[in-house]
Amino acid sequence: MTNIGISLGAVLAGWVVQVGAHSAYQLMIVANAVSFAASALIVLRLRPVEPGPAAGGPRWMAMRDRPYLALTALDGVTAVQFKVLPVAVPLWLIAATEAPHWLISGTMLLNTVVVVTCQMRAGRSIDTPVAGARAYRRSGFAFLLACVLISLTQGIPGRAAAALLPAGVAVHPIGELWHAAAGFEISFALAPERATGQYLGVFGLGAALAEAAGPALIIFLCITWGRPGWYVLGALFALTGLAAPLLVRWAERHRPAGQPQFVGEEAPSSATA
């Protein structure tokens, strides 16, 4: 649903870019504000959920779990990829390529189609932390390939760029699916049941930092620096993915007492449950 919403917004934003009028941009901002108000009304209609009894244990237990914090940081670095399509690709397409501007909306629609149709299939086998670590590794290489393909659209004819850009954009959501499934699996499976909320709150800090710092980093690397910046960004994703299995093994060795150890691919996890 999130990807569908993003794509609908991208289509409307693509129309605004094509029109280019000041009033069109103002209309887009007002429409965005109205959509937030509508979302608030929907949330207000939901029934409150009563909190369960508080569990014993240290109040900041998750902040003392160094392997989990390391995985949080790893996921945060990988989560910068969420800003590639909505931030880097539109700016790159306009500033560095001869591709038609309507591809800005087309790339977001392509991303939605891939995510919606392939999400269940991509995450079906990621049912242990070990499998999640491998998915992180695969996602890193997928992001590297996508970055290379997108960078190659600079300096070539518009039609060639229009053909090559969707190829890179099609590879990127495959990595996104593996990354998302890996994050869900690892964050749930490595969190003690008595402190799931605390652990998941800490794990969300990685994505929040990527949300805050990701656009500036991507603009500096991919737009200001240009093609070499794409290679650096892709290499960063690949190296982060390679580090995931090492960190998961560290987390498994230091799992809090009373939690099961998932050393293979057979045991179920809290994420799949």
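A crossing of two helices is called left-handed if the near helix is turned anticlockwise from the far one by less than a right angle, and right-handed if clockwise. Keep that in mind for the first view of this predicted model, in which local features need pLDDT of at least 70, side-chain atom pairs count only at pLDDT 80 or more, and totals for chains, interfaces and linings use all residues. Residues are numbered from 1 along each chain as its sequence is written, and side-chain values use heavy atoms, leaving out hydrogens and water.

**View 1. Helix 5 crosses helix 7 in a right-handed way.** Helices here are DSSP runs (H or I, at least four residues), numbered from the N terminus. The axes of helix 5 (residues 103-123) and helix 7 (residues 158-189) come within 8 Å and cross at roughly 35 degrees. Each axis is a line fitted to C-alpha atoms over the stretch in contact, with angles from 0 to 180 degrees between N-to-C directions.

View 2. Rings of Phe, Tyr and Trp (its six-membered ring) pair if their centres lie within 6.5 Å, and planes over 60 degrees apart count as edge-to-face. Are Y68 and Y199 buried or exposed? Both are buried (under 20% relative accessible area, with a 1.4 Å probe and protein chains only). Ring pairs also bring F203 into a cluster with Y68 and Y199.

**View 3. R138 sits over the face of W178.** Look for R138 at 4.9 Å from the ring centre; the rule asks for CZ of Arg within 6 Å of that centre and within 35 degrees of the ring normal.

Conventions. Helix = DSSP H or I, 4+ residues; strand = E, 2+ residues; numbered from the N terminus. Buried < 20%, exposed > 50% of the residue type's maximum accessible area, 1.4 Å probe, protein only. Phe/Tyr/Trp six-rings, centres within 6.5 Å; stacked < 30°, edge-to-face > 60°.
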